[in-house]
Amino acid sequence: MIDSLYVAWRYVTFNWARSLTLIACVTLIAVLPLSLELLLDESERQLLARAETTPLIVGAKGSSLDLTMNSLYFGDTVPELISMAAVERVSETDLALPIPLSVRFQARGFRVVGTNLDYFDYRGLRIAEGRNLGLLGDCVLGARAAAELGLAPGDSLLSSPETLFDLAGVYPLKMRVAGVLAPTQSADDLAVFVDVKTAWVIQGLVHGHQDLRDVTDPTLVMDRSDGTVTATAKLAQYTEISPENIDSFHFHGSAADYPITSVIAVPRDEKAAAILRGRYVSVDAEAETQQILVPGEVIQDLLENIFRIKSVLDAVIVVVGTATVLALTLVFALSLRLRQREMQTNFKLGCSRATIARLLGAEIVIILTASALLTGLLLAMVTHYDEPLVRALFIH
Amino acid sequence: MPDVKHTASLLAIALLLILAQLRTAEAEDRLQVYAVNYPLAYFAERIAGDLAEVRFPAPADVDPAFWMPDADTITAYQAADLILLNGADYAKWIPKVSLPRSRLVDTSRGFKDAYIRQPAGVSHNHGPGGEHAHGGVAFTTWLDLSQAAQQAEAIAQALTRKRPAAKERIERNLQVLQSELLALNERIAEIAGANPGRPLLASHPIYQYLARRYGLNLRSVMWEPDVLPSERQWAELKGILSKHPAKWMLWEGTPAEENVARLRALGLASNVLDPCANRPETGDFLSVMSDNAKNLEQVFQ
Amino acid sequence: MIRIRSLGFGYPGNAFRLDIPAFEVQQGEKLAVIGPSGSGKTTLLNLVSGIITPNAGDVQVADTAVSTLSDAGRRDFRIRNIGFVFQDFELLDYLNVLDNILHPYRITGALRLDGTVRARAAELAGQMAIGDKLKRRTNDLSQGEKQRVAICRALLPRPRLLLADEATGNLDPRNKAHILDLLFDNVDSHGATLLAVTHDHELLPRFDRVVDFAEFQSGAAA
C-alpha cells in the first residue's frame with residue numbers, strides 16, 4: 001500500500017494543476033453546505049439572542065418585521081412613526097419600563113439611534129472612553145462606528161440630511177462625541193446614540209436661535225404684535241448646541257406629540273407582560289393604532305421562512321454537488337483513457353489489474369484526503385470566526 | 001501593666017475600624033436621591049431619614065428653575081438612585097440633558113390635570129403656521145401646600161419601591177410631614193379667608209397655585225426684589241393699580257429699600273412671601289412657610 | 001530457454017493469424033527476430049512473456065509451460081524471469097529516473113524493494129552512464145538516456161530472459177550501437193538470454209542467430 005501511495009503521490013504532485021483543481025472542486029462541494037449550515041446556525045443564534053433579550057416592542061400598526069428590524073437592528077426601513085404619547089401610555093400602566101427609540105437619521109452612514117439612558121442600562125452597554133450622554137447635542141458611538149469613523153470623545157460628528165435636496169430646512173446638527181462604548185458584538189456597535197431629544201433637534205422640532213426680543217435686524221422679523229413675534233425664514237437656527245446657546249433651545253408644541261419609531265417595553269414580570277399585551281388588543285381593533293409584539297416570535301417566524309429558503313438552497317447545493325461529482329467522475333474517466341498506455345506499461349511490467357486499480361485508488365485517496373484536510377481547516381476557521389463573519393455578511 | 005494598656009489601645013483601634021467599616025457599608029446601602037429644588041429635597045430628607053442621602057446641588061444664590069448644572073453635576077444626577085422632579089416644566093435644564101427615565105420621579109404627576117397654564121410674556125412663531133407659546137405652565141406647585149403634600153406622597157411611594165422593607169418607616173415619616181403641611185395649609189386658608197377678594201400685587205408671577213388654593217385676588221408684575229424697576233414698569237404698575245387697587249406688594253425676597261419707599265408713596269406696603277425654591281439661609285421649608293403665613297396675617301389684617 | 005511447439009494464435013475479430021510449428025532459443029543465446037511489419041514479431045514476445053496466451057500449442061520458457069499458467073502465474077513468472085525493453089521506452093513522466101528504474105518493485109508484490117536493490121539500481125545506472133541523473137525527470141533526458149533508463153529497469157530484477165522490442169528503433173546510429181553494446185554486456189555478464197525484435201539490419205551480424213518471421217509464414221523456420 002505504501003508503494004501505491006508513493007507512486008500515486010508522485011503522479012498527483014507532478015500533475016499539480018490538475019490535482020489542485022480537483023482538490024478545490026471537492027473542497028468546495030464539502031465546504032459550501034457545511035459552512036452555510038454553520039453560518040446560518042450562528043445567524044439564528046445572534047438574531048434570536050438580541051430578540052430574546054428584548055421582551056416587548058410597541059410601535060405603529062403595520063409590518064411587524066419592519067418594526068422589529070428597525071428597533072433591534074436599526075434597519076434601514078423606518079416604520080410608521082408614533083409619538084411620545086405611546087411612552088406615556090406604557091408608563092401609566094405601571095406594568096413596564098418604556099424606553100423610547102427614534103431610529104430615523106444617519107450620520108456619515110451610521111444609524112443615529114435616539115433613546116434615553118435606560119437603554120444603556122438595559123442593554124448592559126459600558127462606556128469604554130469618555131462619558132455617557134449628558135447635554136443635548138451629545139452623542140455616544142458604538143465601538144465599530146467610532147473605529148470606522150476615526151472618532152474619539154471630544155470630536156464632532158455631523159448628522160446627515162434626510163434627503164439630498166432637503167429644502168424643508170432640516171440642517172445637519174454638529175454633535176459632540178461624549179463617549180465610545182465597549183464592543184458588544186451586536187448592532188449597538190454600529191450605532192450613534194443620542195438622547196431622543198437630540199434626535200428631535202436633528203429633525204428640527206427642537207431648535208435654538210437668537211432671542212427674538214433682542215433682534216434688531218428688521219429682515220429677521222415678520223411681525224410684532226400683542227406680545228407675539230413672528231420671525232422670517234432668514235432667522236438662522238443654531239446647528240450646534242454649546243453651553244453658550246443651550247438655553248435658547250426650546251420645544252414648540254407638546255413633547256407628547258413628538259415622534260419616535262418605537263418603544264421597548266420592559267415589563268416587571270411575565271404577568272405584567274401578558275396584561276400589557278392585552279391592553280393593545282382593543283375591542284375596537286380599528287381604533288387601535290399601535291401594536292405590541294414579542295420580538296422573539298417575529299424573528300422566529302423570520303428564521304422559519306429563512307429555513308424554508310435554506311431547504312431550497314440545500315436542494316440546489318445537492319444538485320450542483322451531484323453535477324460536480326459527475327463532472328469530476330467524467331474527468332477522471334477521461335484521464336484514465338489518456339493514461340491507457342501507462343496502464344498497459346504497468347501491466348506488461350507485471351502489475352496486476354487489482355494493483356493498477358489500487359494505484360488509481362491511491363490517487364483518489366490522496367485527493368480526497370487533501371480536500372478533507374482543507375475542508376477541515378476552512379470549517380475550523382469558519383467556526384472560529386463565525387460571529388464576525390455573520391455580522392459582516394448577514395447582520396450588518 | 002504597659003502590656004495591658006497596649007492591648008487595650010489596639011482593641012480600641014480595632015473596634016473603631018470595625019465601626020467605621022460598618023458605617024461605610026451602611027452608607028453604601030443608602031439611596032442616593034437628587035432633587036431639582038429645595039422643597040423636594042426637604043420632603044425627601046424628612047421621609048427617608050437615614051435611608052437616603054439627599055442632594056440638591058444648585059448653588060444657594062440661583063433660581064433652581066433656571067439653573068444649568070455643569071457636566072459633573074449632570075453625571076451625578078445620572079448616577080442617582082432617584083431623581084426627584086417637580087413637574088410642570090419646572091427645571092428648565094431637564095429637557096436639555098439625558099437622564100434615566102426609570103429613576104425619574106415626577107412628583108406632581110398625580111395632579112397634572114390641575115396645572116395652571118398661562119400665556120408666556122413673549123411668545124414667538126416661525127412663519128404663518130400659528131402662534132406657539134413656550135414655558136406656559138406655572139411651576140411653583142408646592143406653594144399650594146395640599147399639592148406639596150401630594151408631592152411628598154409621590155416621593156414616599158418612590159422610596160418605598162426602592163426600599164420595600166422600610167415601607168412602614170417611610171409611611172410613618174410621610175404622615176408626620178403631611179400633617180404638618182396640611183396644618184399649615186389650613187392656617188393659611190384661614191388667614192386668607194378673613195378677607196377674601198382683597199386685591200394684592202405680586203412682584204413676580206410665581207404665586208399662581210398659592211392664589212388659586214387660598215383664593216387670593218392677585219395680579220403680578222415682572223420685578224426683581226433687588227432690581228429698580230424701569231419707569232415703563234412703574235407706569236405699568238400704576239395702570240394695574242387703577243383697576244386693581246392693591247395695598248400690598250408681595251415680594252419673593254427682601255426688596256430694595258428704594259422700591260419699598262417708592263411703593264409706599266403709591267400706597268403700597270411690601271411684604272415677603274418666600275417661595276423657598278432654594279435652601280434658606282436659616283430654618284427649613286416649614287419654618288419659611290410658617291414665616292410666609294405670619295406675613296400673610298399682616299397682609300390680611 | 002524458449003521452446004515453442006505447434007503454436008497457433010489469432011486476435012478475436014481480427015484476420016491476423018500466427019502459426020509457429022516449432023521455435024527454440026538456447027540458454028544464453030542472443031537471437032534477433034526480423035520480418036515485415038504485422039508479421040507477429042511483437043505477438044511472439046507477448047506470447048513468450050505470458051502477456052497473451054496461444055489459442056493452440058504450448059510455450060515453454062526456462063522449463064515452465066507459460067501458456068498453461070493462470071493469469072497471476074504468468075504475471076508472477078514474467079516479473080521474476082523476464083525483462084522487457086520497449087521501442088518507445090514506456091517510461092513514466094511523473095517519476096524521476098531512479099523511481100522509473102525501481103518501478104517494477106513498487107507495482108508487484110513478487111519483488112521486494114530494499115537497500116540492496118536501491119544500491120544495485122544506482123550501480124546499474126552508473127554502468128549505463130546515467131548515474132548522475134537519478135533525480136532528473138525522464139522528459140529532461142535524451143533519447144539514448146531514456147532507453148538506458150528502460151534497460152536498467154528491465155535488468156534490475158536480474159531476469160533470465162530479456163525481451164527487446166525494437167529497442168534501438170528510435171535511436172540515432174551512434175546510440176543504436178552503444179545501446180546494443182550495453183544490452184549484450186549485461187546479458188553476457190548475467191548469463192541471460194536475449195530475444196530482440198529489430199529492423200536494424202546493420203546490427204544483425206552482432207547476434208548469435210537471426211530468425212526471419214517470413215519463414216513462419218512460409219512454414220520453413222525452426
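Visitor: What makes strand S3 (residues 30-34) and strand S8 (residues 193-197) of chain C a pair?
Guide: In this predicted model, the two strands are joined in the parallel sense over four bridges. Pairing requires at least two bridges, so S3(C) and S8(C) qualify as a pair.

Visitor: What is the strand order of the open sheet of five strands in chain C?
Guide: The order is S6-S7-S8-S3-S9, with parallel pairing.

Visitor: Why are S6 and strand S9 (209-212) of chain C said to stand at the edges?
Guide: Each has a single partner strand, so one side of each lacks a neighbour in the sheet. From one strand to the next, the twist averages 20°.

Visitor: Which strands of that sheet does H5(C) touch?
Guide: H5(C) packs against S6 and S7 of chain C, and its direction makes about 170° with that of S6(C).

Visitor: How do you know what span is expected of helix H5 (residues 143-155) of chain C?
Guide: The expected span is 1.5 Å times one less than the number of residues. With 13 residues, H5(C) is expected to span 18 Å, and its first and last C-alpha atoms are 18 Å apart, which is close to that expectation.

Visitor: Why is H5(C) described as largely enclosed by the rest of the structure?
Guide: A residue is buried if 20 or more other C-beta atoms lie within 10 Å of its own. In H5(C), 10 of the 13 residues are buried, so the description applies. Among them are C:Val149, C:Ile151 and C:Leu155, and also C:Lys146 and C:Arg153. The covering elements include strand S6 (82-85), helix H3 (97-107), helix H4 (115-127), strand S7 (161-165) and helix H6 (173-190) of chain C.

Visitor: Which residues touch the most other members of the largest nonpolar core?
Guide: In this core of 144 residues, they are A:Val192, B:Ala44, B:Ile47, B:Leu84 and B:Ile155. Helix H4 (residues 145-162) of chain B gives the most, with nine residues. Leaving aside residues up to four places away in sequence, B:Ile47 touches several residues, including B:Ala152, B:Ile155 and B:Leu159. A second, separate core of 61 residues includes C:Ala32, C:Val48, C:Ile82 and C:Val97.

Visitor: Why is A:Arg108 called partly exposed?
Guide: The count for A:Arg108 is 14 C-beta neighbours inside 10 Å. A residue is exposed at 12 or fewer and buried at 20 or more, so A:Arg108 falls in between. A:Arg108 is found in the loop between strand S3 (96-107) and strand S4 (110-115) of chain A, and has a positive phi of about 50° although it is not a glycine.

Visitor: What makes C:Ser6 exposed?
Guide: C:Ser6 has 12 other C-beta atoms within 10 Å, and the limit is 12 or fewer, so C:Ser6 counts as exposed. C:Ser6 lies in strand S1 (residues 2-9) of chain C; its phi is positive, near 50°.

Visitor: How many residues of chain A are in contact with chain C?
Guide: There are 16, in contact with 15 residues of chain C. The largest share of this side of chain A, six residues, comes from H1(A).

Technical notes. Residues numbered from 1 in each chain as written. Chains lettered and ligands numbered in written order. Predicted model: local features only at pLDDT ≥ 70, side-chain atom pairs only at ≥ 80, totals over all residues. Contact = placed C-beta atoms within 7 Å. Axes fitted to C-alpha atoms, helices over the stretch in contact; angles between N-to-C directions. Core = buried A, V, L, I, M, F, W, Y, C linked by C-beta atoms within 7 Å.
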